[in-house]
Amino acid sequence: MINLHQEFQKLDITKEEKSYTGMDSFVHSIVGLAYKQLKFTNNFKKAAESIYLLSLSLSILSDKQLDGKLEYYRKKIRFKKAKKQDLYDALAYVSETSFRVLGIRPYSVQLMGVLAQQENFAIEMLPGEGKTVTAALSGIMAAWSGEPCHIVTSNDYLASRDAKEMQTLYNRCRLKSGCITSTMQEDERRKNYLSNVVYATSKELLADFLRDSMKDNINNFDSYLINKFTLKNAVSQKVMSGLHTAIIDEADSVLADEAITPLIISVSSNNEVLKNATIVARQISEELAVDDDYLINKSMKQVLFTKEGGEVITSSKNLFPSVWQEKSRREFLVQQALNAKYFYFNNVDYIINNEGEIVLVDEKTGRMMEGHSWGSGLQQAVEAKEFLEISDPTQTHMKMSFQRYFRLYKKISGMSGTLQNLRNELWHIYKLPTIKIPKRIANTYTLYDAEIHSTKEEKTQAIINNIITIHKTERPILVGTKDIKESEELAILLMEKNIECTVLNALKYEEEEEIVYLAGIKGTVTIATNMAGRGTDIKIDDEIDKLGGLHVIASQKFSSNRVDLQLYGRTARQGQNGTVQQIFSFEDELFERFSNNSIMKILMKYSENKLSKKAFMALYKIIQLLMERKATHIRKKILQKDFSTNEMLSFSSNDK
C-alpha cells in the first residue's frame, strides 16, 4: 500500500532559513563551536574502530546470512526503529558487503567519515584516502531511510564512473543507483531520479530543480492530493524526486568557490538592434587608443574612458541605432567591446566550437560550460570581436545560486581534502560543521623549493628543462597549466624537442577517461589544465613507485591555495612516492594583477637572491589569503541580499 504522506515528503522542499547577521551571527558561531565539541572527533574515531573490528569478524557469515542481516537493518532504519548501536552494526555489515562485492574493506578512517557525514558534518579527508567508497557507504545509510539521496560530483565523468563502479554494492544492499549527465533527455533524467542514490554535478541538479519549479506547483500536501487524484494518478511533470540528503564531494568548490554563481534558465530573445549596435561599438573601440582615450585597470578588470575617449564616442553617436544613442548606453557598449578585447580570450575563457559558437570555459575546473552565456551584452561583444555571427541575447526566466539551492536540502554533508579557511563560512551559511579525518597514510610527496623566474619565457624554458630531466628517468609527468592556450603552446614546444605528450583540456574532454588512465604509465608526459585537479585519480604501478612516482609540475598559482593543493594531491596517493616542482614567474597573472610595480621591480632585480624568492612566495600567500577572505565576505553579503530580496518579493506577492 502506498503511503501518500511519505510520497509527498519526498517531494517536499525545506523552507530556506534566514541567514544570521550581527549579534545573531556571533551567537551562531558559538553554537557551532559547542556542537563540534559535543560531537568530539574522538567519539567518531572510537566508534569507527569498533565498527571496523566488527566488520572483520563478519567474514565467517555465509552470503545468505549476510543478506539477511542487510535486509534486517535496512527495514529497521527505514521504519525509524534503529538506535545508535544499530546504525553502527549496520555500517559494519555494509563494510563486509563492500569487501565481498568490490574487494575493498573500508578502513576505520573511512568509517569515521561516514559517521561524521551521518551527523551532517563536512569531512576534511586527504586525496587518496578513499572518498569514493566513503560517499557510497554514506549514501547507503542515507538511502535506507527511504528518502532520495544525491551524491554531488565534480563532473559528468565522475558521476557516471562512480555510479557504475558502486552499482554492485548498492544492488547488494537492495538499492538502485543512477546518475545524471548533461547529455540526458528529460525521460531518462526522470527515470534516474527514481533511483535511491543519484550521482550528479551541482549544475545538473540545480538546472533540473529550476526547470521543475516552472512546472506543476505542488507546494503542500493538499495540492499534492488534488494533483494526484484529479489527474487520475498522472505522473508529476517534475523530473526530480525531492531534496532530502546531499553528500557533496569537493565541498569547498561547490559550497564556496562556485556558490554565488547563479544558474540561469533563459530563452533567446530576438534583438537585431542590439546586434547592430554591438558591431558599431566594436568598430569604434578599434579607433580608440589606450592611455589616450581609455585606461585599463587590470586588477579590477575595468576600462575607464578619458575625456578624449568620451568625445570620440560622442562624435560617433549617429552610427548607433537610435535607442543606443544615449550617452551612458553607447559608452556601455563600447566599454563591453573593450572588456571583450582585454579581459576575455579564446582558449582561455572560452573556445569556438565547430559550429562557430562561443562555449564558455569554467576557470576553476577547466571544463566547457555548454548552454552558458555571458549577460549584459558581453556575449555579443565577444562574438563581434571574433567576427562570428552574433547571437540573440537571452531573457532570464529563473535563476538561483548554488549557495541558496543547497540550503534547501533537509540534510547536507560534504567532503574534501581542502577545507582550509572555510570552517566558519560553512557553518555560518549551511550550518555545516567541519571535522578533520586523521590520515591513514602520511603524505609522501616531496615538495621542492619553488623556482622563480623574471619572465614567462624564462619560466617556460625552465619547465621544459625540468620535463627533459625527469623524462630521462622514465617517470610519468603531469604538468598543470592555467588554461587551454598555455597547455597547447607548451605541447608544441615539447614536440619540437621530440618529447611526446598528451594534452588534457576542455578541447579533449571526450578523451578524458583514456588520458587519465594513461597518465601514470612509464615515460608519459601529460599537460593539463585544472581538469586534472579535483577527482582525478592517476594510478601508478610498483615499478613507477620505485622510480620515484608521478612528478607534478605547477606552472602557476591560483587565486585560492586550495586549488593549488588539489593539483599537488594528484601524486603520492595512498602512501606512494611522488614529487612536486613549482615553477613561477614575476609575470604570472595573479602576481602581476595584485602586486605593486615598485615592489615587483625590486624583487625582479634580486630574483636570484634567496631572500627575494622567500618574499615572492610570501606575497603570493598574502594575495591568496586576501582574495579568499574577500570571497568569503562577498558570499555572505550576497546571501543576505538574496534572502532580503526574496522576502520582499514574497511579501508583495501575498499582498496582491
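Tutor: Start with R282 and E286, which both lie in helix α14 (residues 272–287), four residues apart, about one turn of the helix. Helices here are DSSP runs of H or I with at least four residues, strands are runs of E with at least two, and both are numbered from the N terminus. This is a predicted model: local features need pLDDT of at least 70, side-chain atom pairs count only at pLDDT 80 or more, and totals for chains, interfaces and linings use all residues. Residues are numbered from 1 along each chain as its sequence is written, and side-chain values use heavy atoms, with hydrogens and water left out.

Student: What do R282 and E286 form?

Tutor: They form a salt bridge, and their closest N and O atoms are 3.7 Å apart. A salt bridge is a side-chain nitrogen of Lys or Arg within 4 Å of a carboxyl oxygen of Asp or Glu. In general, side chains of opposite charge can pair when their charged atoms come close.

Student: Is R282 buried or exposed?

Tutor: R282 is buried, at a relative accessible area of 14%. Buried means under 20% relative accessible area, exposed means over 50%, and partly exposed is in between, with a 1.4 Å probe and protein chains only.

Student: How many salt bridges are there by this rule?

Tutor: The count comes to 29. Another one joins the side chains of K75 and E71, at 3.8 Å from N to O. K75 and E71 are separated by about one helical turn because they are four residues apart in helix α4 (residues 63–78). K75 counts as partly exposed at 43% relative accessibility, while E71 counts as buried at 14%.

Student: And which residue does R423 form a salt bridge with?

Tutor: Its partner is E124, and the closest N and O atoms are 2.9 Å apart. R423 lies in helix α19 (residues 423–430) and E124 in strand β1 (residues 122–124), so the pair ties together parts that are 299 residues apart in sequence. R423 is partly exposed, with a relative accessible area of 35%, and E124 is buried at 6%.

Student: Why is α19 largely enclosed by the rest of the structure?

Tutor: Because six of its eight residues are buried. In α19 the buried residues are E425, L426, W427, H428, I429 and Y430. Just after α19, K431 takes a positive phi of about 55°.

Student: Which residues have a positive phi although they are not glycine?

Tutor: N120 is one of them, with a phi of about 65°. N120 lies in the loop between α6 (108–118) and β1, and counts as partly exposed at 25% relative accessibility. S376 is another, with a positive phi of about 55°. S376 sits in the loop between β11 (368–369) and α17 (378–385), and at 56% relative accessibility S376 counts as exposed.

Student: New topic. What kind of surface patch is formed by E165, E510, E511, E513 and E514?

Tutor: A negative one. Patches are made of residues with over 30% relative accessible area and no salt bridge; like charges are joined within 9 Å, and nonpolar side chains (Val, Leu, Ile, Met, Phe, Trp, Tyr) within 5 Å. Lys and Arg count as positive and Asp and Glu as negative, while His and the chain ends are not counted. The place of a charge is NZ of Lys, CZ of Arg, CG of Asp or CD of Glu. E513 lies in helix α22 (residues 512–518) and is exposed, with a relative accessible area of 53%.

Student: Which residues make the nonpolar patch?

Tutor: Y517, L518 and I521 make a nonpolar surface patch of about 310 Å². Accessible areas come from the Shrake-Rupley method with a 1.4 Å probe, and for residues only the protein chains shown count as cover. Y517 is in helix α22 and counts as exposed at 64% relative accessibility.

Student: Last one, where is A340?

Tutor: A340 lies in helix α16 (residues 327–343) and is buried, with a relative accessible area of 0%. A340 and V382 are 42 residues apart in sequence and 5.2 Å apart in space, C-alpha to C-alpha.
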